[in-house]
Structures are given as structure tokens and as C-alpha cells.
Amino acid sequence: MKVLVVGGGGREHAMAWKLAQSPKIQQVYVAPGNGGTSRDPNLINVPITDGVDLRQWAIDHGIGLTLVGPEAPLANGIVDDFRAHGLRIFGPTQAAAQLESSKAFSKAFMQRHSIPTAAFETFTDAALAHAYVDRLGAPIVIKADGLAAGKGVVVATTLAEAHEAIDFMLLDDTLGVAHNASGARVVIEEFLQGEEASFMVLCDGKNVVALATSQDHKRLQDGDLGPNTGGMGAYSPAPVVTAEVHARAMREVILPTIRGMEKDGIPYTGFLYAGLMIDPQGRIKTLEFNCRMGDPETQPILMRLKSDLLDVLMAATSEGLDKLELDWDRRVALGVVMAAAGYPMSPRKGDAITGLPLDSHEVMVFHAGTTEQEGQILTSGGRVLCVTALADSVKQAQQKAYQSASQIAFDGLQMRRDIGYRAIKN
């Protein structure tokens, strides 16, 4: 079988790398891919980003299965289009992807189906939003309604930060948010205390299988300081997701979401990612939904997956997840993101990357914002690489990942030095 992975980030590199291990696959293509996938002899980059062109390419090349990595093609309806032309594709429809593409849709959905989440209000009028923030005070959370590549959430610790975020999202649009049909909107939420975890599952429209748990590190700097990013590193499993929290997440969040979507006439297929806030008593609230695997969580999760990913996706695209059991490596995987100068607001591109180590079964360097030019790997995005290691403990995986990362260099490199600290501290 020939398989196509849509996307060009670290998540898609990890997906393509994992799929290429299947003996049942003849060839894995990545569209458009990146510098890392171009260097992998088992992968072929396809320089197409337009959904319609990609669908025609998939038909012409006899693609048996397509896996969509990022949110933008899903929000644009790539799944609907591929299915309409008889192509097998894994991901949510455009209507189902609103769980991520519209924060307002998502919050109203959670309210309607009694899924625990933070109290909120939605605004299109900046003056009303400013007045609401003044009334509630800080800390408070401001979210852009549309897709913003992981940068559309501001956890404002002061009123000044909150007001600035409202102006960014409603008036200036400096974040480059892909607004929905109703125009610029913000969702303003109460600030929640606790520890975050990423809870991801596979859905086939009716059945659900949970993936290994993970924890992301959103802030740019050590100790969870600095601006929010798309994620500076992650590890799996996440100790904060105890057996009790896991059961609660399935019972209170995941299953009501799948049943609620079906009830609303929008059956959900694809990966579903619930960002959870877990309080000291183990109670959970849903921070957000993503309609795809998280990045950088995918990299450590797929390092730990022992099952054939092709078998998993074939079951998921034929309502067969009830017959599937995933096999996981018992070890810990930890990934460290290396970001470009100026990330997250204005990442610099074109810096040469040196010292990339050879990949192995225990340490992989997954590429994200890279491109290959005349045999040289250059930075081409905000999050450049994710160095991911497998070991017997969080501490050992951390040491192994940082040891490999220390060999890599490019101008302006930004990297946290404390990925996994919560698990080690606990």
C-alpha cells in the first residue's frame, strides 16, 4: 500500500517515520514534508499544499490511505473532499473540526453537553471585552476564536496583558488568526489552577481507543515562564494522569464528546486531543479540544507505540477500533524542542543547522521548521527540531535527549533545559 501523510511539521515527520516501519507499506509520501523527511530514504516529499491538487495527486498515484497531521487542512474540509472522491482518509470532517477551528463552537458544545470546562463569555466587540475583563480582573485567559497555530491563547497575569491580548486578537490581528465566517471573536475564560495534561484518543465515529498519556510544556522558558508557544517539549507517560484521572477523562470528557457530536449530527472520526487541567483533588476541566494529535506530544507518543500504525489507522477508518488493542513500550519517551531565534512572535528563517546526530531506535531528531538546500539543512519555521529519546525513567530520557541536543547548533537557538521537570520533581 502507498500512504500519504499531509503536513510538514515535527508531528508529521514522526507519523511518516512510524508508518514507514510497517512491512505492509510500499511507500510513504509526505506533503509537503520538511528537511528531515527529505533526508529519510524511506520517505518521499511531495511539494503540494493545495487540498484539491493533493486529492488529484492521491488519485493519480493510487494512494490507499491518507493521514492528516495539521489542523488547517482539516478545517478547510480535506477529509470531506477526499471521501467524496472515494479515498480512504483519517481525520475529522470540516464540521467536526470546528471543535478546534472555533473556540466559540467548542465552548458552546461543552456547555450544551455538560462537559466540564472553564466559565466563559464570547465577544466580537472590543469595548465590551475590555469592560468584562475589568469586571473580572486577572489572571484571566484570552483566546482567539479561529486557528492561530498554537499561539492564539494568552494567559494574562495582569489586566494590561489581558487588554493588550484583546486588542491583538480583535483590532490589530497581529497573531495572524484565521478568522471564522463571523469575523474576529475572542473567548474570555476564567483562569484555572492545576496541572495540565494532553489526553489523546483515536475515534472511528463510534468507538474510542486512548493513546498513551503525555504532558506538554507550553511556555518558552524554563520554569514555565515567558510567552505561550505551540509547545517546547513533551514526555510520555504523564504521571499526573493516574488511573483514576484517566477513567474520569474518558467518562466525563471523551465519551460525552463523541456521543454529543453524534447526537448533533456530526459523527467524529480522527484523533481527538483534549487539553485537561487537573486540580490537586484529581478533578478535571477541559481547556480545549484539538482535532489532531498534539505537537510535540506526537513525537514521544509514537516513539513508544509498538503496534503497526498502519493496522491502527485501517481499523480506525473502518469502524474497527472496538477490536483494537494498542501495544506500548513500557519506557519513557521525552522530546525537547529546539526553536528559532525570535520564536514565537517573529521567528527567523535561513540559519544553517550543524551537528545533527545519526538517528537510532532510542534517539530520534524529528524535523519541523527545516528545509534542505544544496545538501544543507536550514531553519524555515519557529519550532525547528524535536530531539526525542527513549529510556527507563523520565530522568534518563531527559539526560539522553539533552545529550543529543547539545551536539546540534544554529544561530539564535532557543531551548528549554527543564522538559519533564514536573515528573522528576514529583
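The accessible surface of the chain, computed by the Shrake-Rupley method with a 1.4 Å probe and with only the protein chains shown counting as cover for residues, comes to about 16800 Å², of which 49% belongs to carbon and sulfur atoms. The model is predicted, so that local features need pLDDT of at least 70 and side-chain atom pairs count only at pLDDT 80 or more, whereas totals for chains, interfaces and linings use all residues. Residues are numbered from 1 along each chain as its sequence is written, and side-chain values use heavy atoms, with hydrogens and water left out.

The secondary structure of the chain comprises 14 helices and 22 strands, taken as DSSP runs numbered from the N terminus (helices H or I, at least four residues; strands E, at least two). The radius of gyration, taken over C-alpha atoms, is 20 Å, close to the 22 Å given for 426 residues by the globule rule, and the chain is therefore as compact as a globular protein of that length; the rule itself is 2.2 Å times the number of residues to the power 0.38. Along its principal axes, the C-alpha trace spans about 60 × 45 × 40 Å. Of the 426 residues, 59% are buried, a term that denotes under 20% relative accessible area (1.4 Å probe, protein chains only), with exposed meaning over 50% and partly exposed in between.

The buried positions are K103, A104, F105, S106, K107, F109 and M110, and just after the helix S114 adopts a positive phi of about 55°.

H217 is located in the loop between strand 12 (215-216) and strand 13 (219-221), and it counts as buried because its relative accessibility is 3%. When neighbours within four places in sequence are left aside, the contacts of H217 (heavy atoms within 4.5 Å) include T229, G231, M232 and Y235, as well as R416, D418 and Y421.
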